[in-house]
Amino acid sequence: MGPIGVKKHLAPFLPSHPVVPTGGILAPDKSHPLGTISAAPWGSALIFPISYTYIAMMGSNGLTEASKIAILNANYMAKRLENYYPILFRGVNGTVAHEFIVDLRSFKNTAGIEPEDVAKRLMDYGFHGPTMSWPVPGTLMIEPTESESKAELDRFCDALISIREEIAQLENGKADVHNNVLKGAPHPPSLLMGDAWTKPYSREYAAFPAAWLRVAKFWPSTGRVDNVYGDRNLVCTLLPASHVVEEQEAASA
């Protein structure tokens, strides 16, 4: 929905709107709004029907039960993973809430591995990476919700445990710190089925690090990309207008 409330000194810089004045309402003569950022002046109202419908359909008892299951699922996963990864921000009884944070910071020094490497490798196991480096840099925040089965929770935990073993290979000097299965992840079919394979690990292990993947496998569509370069440089796949005009002229000739 955007800013619900800001302090007075920030009001002149709120987004503006051509139909309904929003930015700088308190002092229009001193306003420096950043411009229009949404078709609707106060954000997307479509957010509310989704939340309202969920709450109305679940009811008080349903919401309570869903919250209990979400908390149970998070604690089950945190317990399964605690012997492999440090778990941050536990309560006095060692429990977590509906989500938990896996600490990966030590692996940067011991194995050269960062959260992005783990998130990318999870794609080879069939999972989209969880929230990365928030609210703590160098971590993964996992929120299983109430909707996943125990089998699926176990499958995700098994994937992270397997990845921990891959990290251990680096820590023990049994794999190249700069050229390994985590740094090379994800592994799309175009790479695995290409004529050339220069990796120090096998194609089979890159694609099928767990037994269940031979039954049901999600194939990443592309390999590792430079996220920082992509954020800083606009990459457009559309043809330039001049090229389109040339094609049209050639077709009409």
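**Contacts, salt bridges and backbone in a predicted model**

Visitor: Which residues does Asp 124 touch, leaving out residues up to four places away in sequence?
Guide: This is a predicted model. Asp 124 lies in helix H3, residues 115-124. With sequence neighbours up to four places away not counted, the residues that Asp 124 touches are Ala 185, Pro 186, His 187, Ala 206, Ala 207, Pro 209, Leu 213, Lys 217 and Pro 220.

Visitor: Is Asp 124 buried or exposed?
Guide: The cut-off for buried is under 20% relative accessible area. Asp 124 has a relative accessibility of 0%, so Asp 124 counts as buried.

Visitor: With which side chain does the side chain of Asp 124 make a polar contact?
Guide: His 187 is among the residues that Asp 124 touches. At 2.8 Å, the side chain of Asp 124 makes a polar contact with the side chain of His 187.

Visitor: Which residue does a cis peptide bond join to Pro 186?
Guide: Pro 186 is in the loop between H4 and helix H5 (189-192), and Pro 186 is one of the residues touched by Asp 124. The cis peptide bond has an omega of about -5 degrees, and the residue it joins to Pro 186 is Ala 185.

Visitor: What is omega for the cis peptide bond between Trp 134 and Pro 135?
Guide: Pro 135 sits in the loop between strand E3 (131-132) and strand E4 (139-142). For the cis bond joining Trp 134 and Pro 135, omega is about 0 degrees.

Visitor: What is phi of Ser 133?
Guide: Ser 133 is in the loop between E3 and E4 and is partly exposed at 31% relative accessibility. Ser 133 is a residue other than glycine with a positive phi, near 60 degrees.

Visitor: Is Phe 89 buried or exposed?
Guide: Phe 89 belongs to the loop between strand E1 (87-88) and strand E2 (100-103), and has a positive phi near 55 degrees. Its relative accessibility is 63%. The cut-off for exposed is over 50%, so Phe 89 counts as exposed.

Visitor: How many salt bridges are there?
Guide: Side chains of opposite charge can pair when their charged atoms come close. Here the test is a side-chain nitrogen of Lys or Arg within 4 Å of a carboxyl oxygen of Asp or Glu. By this rule the number of salt bridges is 14.

Visitor: Which residue forms a salt bridge with Lys 150?
Guide: Lys 150 is exposed at 52% relative accessibility. The closest N and O atoms are 2.8 Å apart, and the partner is Asp 154.

Visitor: What is the N to O distance between Arg 214 and Glu 204?
Guide: The side chains of Arg 214 and Glu 204 meet in a salt bridge, with an N to O distance of 2.4 Å.  The pair links distant parts of the chain, 10 residues apart: Glu 204 is in helix H6 (203-207), and Arg 214 is in the loop between H6 and helix H7 (227-232). Glu 204 is partly exposed, at 49%. The distance asked for is 2.4 Å.

Notes
Residues are numbered from 1 along each chain as its sequence is written. This is a predicted model: local features need pLDDT of at least 70, side-chain atom pairs count only at pLDDT 80 or more; totals for chains, interfaces and linings use all residues. Side-chain values use heavy atoms; hydrogens and water are left out. Buried means under 20% relative accessible area, exposed over 50%, partly exposed in between (1.4 Å probe, protein chains only). Helices (H or I, at least four residues) and strands (E, at least two) are DSSP runs, numbered from the N terminus. A polar contact is a pair of N or O atoms within 3.5 Å; within protein, one must be able to donate a hydrogen and the other to accept it, and residues adjacent in sequence count only if both atoms are side-chain atoms. Contact means heavy atoms within 4.5 Å.
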